[in-house]
Amino acid sequence: MTSSDAVSGEIQPERTVGRRDVFDGRVIQLHVDEVELPNGKRTTREVAEHADAVVVLPIDESGRALLVRQYRYPIGKDLLEAPAGGIDPGEDPDEAAQRELQEEIGYKAGRLDGLGGFWTAPGFCTEYMYAYLAGDLSPSSLAPDEDEDIVVERHSLDAIREMIRDGRIVDAKTIAAYWMALDRLG
C-alpha cells in the first residue's frame, strides 16, 4: 500500500510497559521506555522530553527578514537562524514569540500571525514548535539570555531562499518557518 492509499486508523499505538529515567537536566529529560508493539513484540524507545518552543520569521518595513547568527556548541559552528526559543511554564506561545523577538532582535511585533507548527524530531523528542510570521516591528528590548551571543542580520526573502538552496542556511526550524511564511507573504 502506498501512503496515498492509507486509511486513517490503521496505525495502532505502542503501549508503554516500563520506564527508566536516565537524565534530568535544565533543558531536557531523558528516559528509556520499554514498549509493546501492536504485534505483541517488545522493544525500547529512547525519549528526550523537551518543552515546546516557538520560531518567528520577523519581517521589517523594507521586506527583509531579521535572522540571528549564533554559535551552536553541539555541532561546533555558527548557524543563521530565525529567532526562536522555548516556551516558559505557564506562558502562551504568542507571548513566548514576542519575548523571543525582544530578547534576540530587540523588536516587538505589532502583527503576529500563527503559521501552524511541527514536531522538531518526533523519532526521539517531544518538542513541538509553533511557527509565526511577525510584522509591524517596533524597537522593544528585553535582556538576552546570559548564555547567548547573537548577531542580528537582515536578509531579503530571495537571499534566504538562495541561502537555503546553497546550504548556508541549514537550520530546520528556519527553513520550515520560511516556507510556511511564503503563503502569507504572497
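Strands S8 and S9 (residues 128-139) pair in the antiparallel sense over eleven bridges, where pairing asks for at least two DSSP bridges between two strands and strands are DSSP runs (E) of at least two residues, helices runs (H or I) of at least four, numbered from the N terminus. The model is predicted, so to speak of local features takes pLDDT of at least 70 and of side-chain atom pairs pLDDT 80 or more, while totals for chains, interfaces and linings use all residues. Residues are numbered from 1 along each chain, and side-chain values use heavy atoms, without hydrogens and water.

Within this pair, Tyr-107 stands opposite Pro-139 in S9. Both strands belong to an open sheet of four strands, ordered S7-S4-S9-S8 with mixed pairing. S7 and S8 (107-119) form the edges, each pairing on one side only.

Two helices meet this sheet. H1 lies across S4 (53-58), S7, S8 and S9, at about 120° to S8; H3 touches S4, S7, S8 and S9, its direction making about 110° with that of S8. Contact here means heavy atoms within 4.5 Å, and angles run from 0 to 180 degrees between N-to-C directions of axes fitted to C-alpha atoms, for helices over the stretch in contact.

Ile-87 sits in the loop between S7 and H1. Ile-87 counts as buried because its relative accessibility is 14% (buried: under 20% relative accessible area, exposed: over 50%, partly exposed in between, with a 1.4 Å probe and protein chains only). Beyond residues up to four places away in sequence, Ile-87 touches Ala-51, Asp-52, Ala-53, Val-54, Pro-93, Ala-96, Arg-99 and Tyr-130.
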